[in-house]
Amino acid sequence: MKIGIAYNLRGEAETDPSLPADTDEEFDSPETIDAIAGVLEGGGHQVSRLGFGREILERILDDPPDFVFNIAEGHRGRSRESQVPALLEMLSIPYTGSDPLTLALTLDKDLAKRVVSSRGLKTPRHLLLDSLRLLENDDLRGLRCPLMVKPSYEGSSKGILLASRAGSLREVNEQVRRLFSNYGGPVMIEEFLGGAEFTVGVIGNSPPRVLGVMMIRHRTLPPEDFLYSLEVKRDWENQVEYLAPPPIDDSLLRRIEHLALAAYTALGCRDVSRVDIRLHDGEPHFLEVNPLPGLSPEYGDLVIMARKMGWSYERLVLDILDHAGERAEEERRSAGGR
Ligand SMILES: Nc1ncnc2c1ncn2[C@@H]1O[C@H](COP(=O)(O)OP(=O)(O)OP(=O)(O)O)[C@@H](O)[C@H]1O
Ligand SMILES: [Mg+2]
């Protein structure tokens, strides 16, 4: 099969010095594109690098691929992850991963949490601030400190620093100011959950299944002081321990898996996703889902988890492609009559 890879490369955003330093944190390195291409070629496919923007348009029109392996995060705004899938749908080219609606919905943490909680699933209470203003105690509408102050639609911990956990109204306001000046709004203020943190790999469709549950634990800090911030992610080798399977009892493991699968289904995720979960009073709560999980062969959380669960990088990438292929075939067959 002729497979094109759609992606954004780190460095794309470097030309604008007015943007914050983590502007292209979500984007991929050439090593990741090479690794994915290597696996696809090893699987007998002919691979083309499509990139993003004008390039992808020109390359697809010039030599249309049969299938696209999509890891493009897109540019600007909360619908940015939908840009490539929308283009591919317009051209009837099948691709890996979720559709434009799910990618937009899940990038917007406020909307994703509303859908998840409408299914009776637990997620920390939050409020959304659309424009910059300094808050008074009453504005917190009963939310209790410590509070997590984060951008409503960023990923890869962009904008999330250790200081994002605010212990007082004054600290909340400091973070609100910082986020509006670096990223614009909206800003989400969410109750900080001080229990253990997990990320869950979910793969496949009808039914999806859990690839693994990984506990993310700081080497020295207790969970109530830990957040998987940008500083920590950039220094993960020194600061974090990844435990998969996690050292927890079976009943808790089942509840974490159930929440991840239920959130994946509620949000319409396809083929693969990574669901972030934290405990509060021993109960798993949904934080967010990443339907375009990082696939760096070295530091991608899903890749690390898969490796710990006995999956090679090759198997992970080819499995995503297989699930997407079967799903696309199923969609083609069921649309055939229309
Ligand atoms: N309400 C919360 N309570 C406790 N910790 C939180 C909360 N919200 C976020 N965090 C911490 O901040 C980290 C990053 O938050 P979140 O997953 O929302 O951001 P992200 O940038 O989308 O992450 P990703 O890198 O997975 O795309 C979480 O992994 C968690 O450690
Ligand atoms: Mg996350």
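**Note on the predicted model**

1. P207 sits in the loop that links β8 (197–203) to β9 (209–218). The model is predicted. The peptide bond between S206 and P207 is cis, with omega about -5°. S206 belongs to the loop between β8 and β9. Its phi is near 25°, which is positive, and S206 is not a glycine. S206 is exposed, because 10 other C-beta atoms lie within 10 Å.

2. The loop between β4 and β5 deserves a look as well. P146 has its place there. The bond from C145 to P146 is cis, and omega is near 0°. R141 lies in the loop between β4 and β5. R141 has a positive phi of about 45°, though it is not a glycine. R141 counts as exposed, since it has 10 C-beta neighbours inside 10 Å. As background, most residues other than glycine have a negative phi, and most peptide bonds are trans.

3. Next, the domains. The protein chain is split into domain 1 (2–95), domain 2 (125–191) and domain 3 (197–332). The centres of domain 1 and domain 3, taken over C-alpha atoms, are 22 Å apart. In the contact between these two, 15 residues of domain 1 meet 13 residues of domain 3. On the domain 1 side, α1 (30–42) and β3 (67–70) are the elements that give two or more residues. The largest share, 5 residues, is from α1. By class, that side of domain 1 has 8 nonpolar, 4 polar and 3 charged residues.

4. Where does ligand 1 lie? Domain 2 (125–191) and domain 3 (197–332) both contribute to its shell, so ligand 1 lies between them. The shell has 21 residues, and the closest are M148, G155, L193, L227 and Y228. At least two shell residues come from each of β5 (147–151), β7 (187–191), β11 (272–280) and β12 (283–290). β12 gives the largest share, 3 residues. The class count for the shell is 8 nonpolar, 4 polar and 9 charged residues.

5. Nonpolar packing. The largest nonpolar core holds 67 residues. A6, V200, A260, A263 and I277 have the most contacts inside this core. Domain 1 (2–95) and domain 3 (197–332) each supply at least three of its residues. Apart from this core lies another, of 13 residues, including L147, Y183, I189 and L193. In general, nonpolar side chains of soluble globular proteins tend to be buried together.

6. V200 can be checked residue by residue. Beyond its neighbours within four places in sequence, V200 is in contact with V210, V213, I256, E257, A260, R274, V275 and I277.

7. One sheet is open. It has 4 strands in the order β4-β7-β5-β6, with antiparallel pairing. V149 has I189, in β7, as its bridge partner.

8. Last, E231. Helix α7 (residues 230–234) contains E231. E231 counts as partly exposed, because it has 14 C-beta neighbours inside 10 Å. Not counting residues up to four places away in sequence, E231 touches L161 and L162. E231 and G294 are 63 residues apart in sequence, and their C-alpha atoms are 17 Å apart in space.

Notes. Residues numbered from 1 in each chain as written. Chains lettered and ligands numbered in written order. Predicted model: local features only at pLDDT ≥ 70, side-chain atom pairs only at ≥ 80, totals over all residues. Near = placed C-beta within 6 Å. Nonpolar A, V, L, I, M, F, W, Y, C, P; charged D, E, K, R; others polar. Domains from an automatic or database assignment. Contact = placed C-beta atoms within 7 Å. Core = buried A, V, L, I, M, F, W, Y, C linked by C-beta atoms within 7 Å. Buried ≥ 20, exposed ≤ 12 C-beta atoms within 10 Å, placed from the backbone. Pairing = 2+ DSSP bridges.
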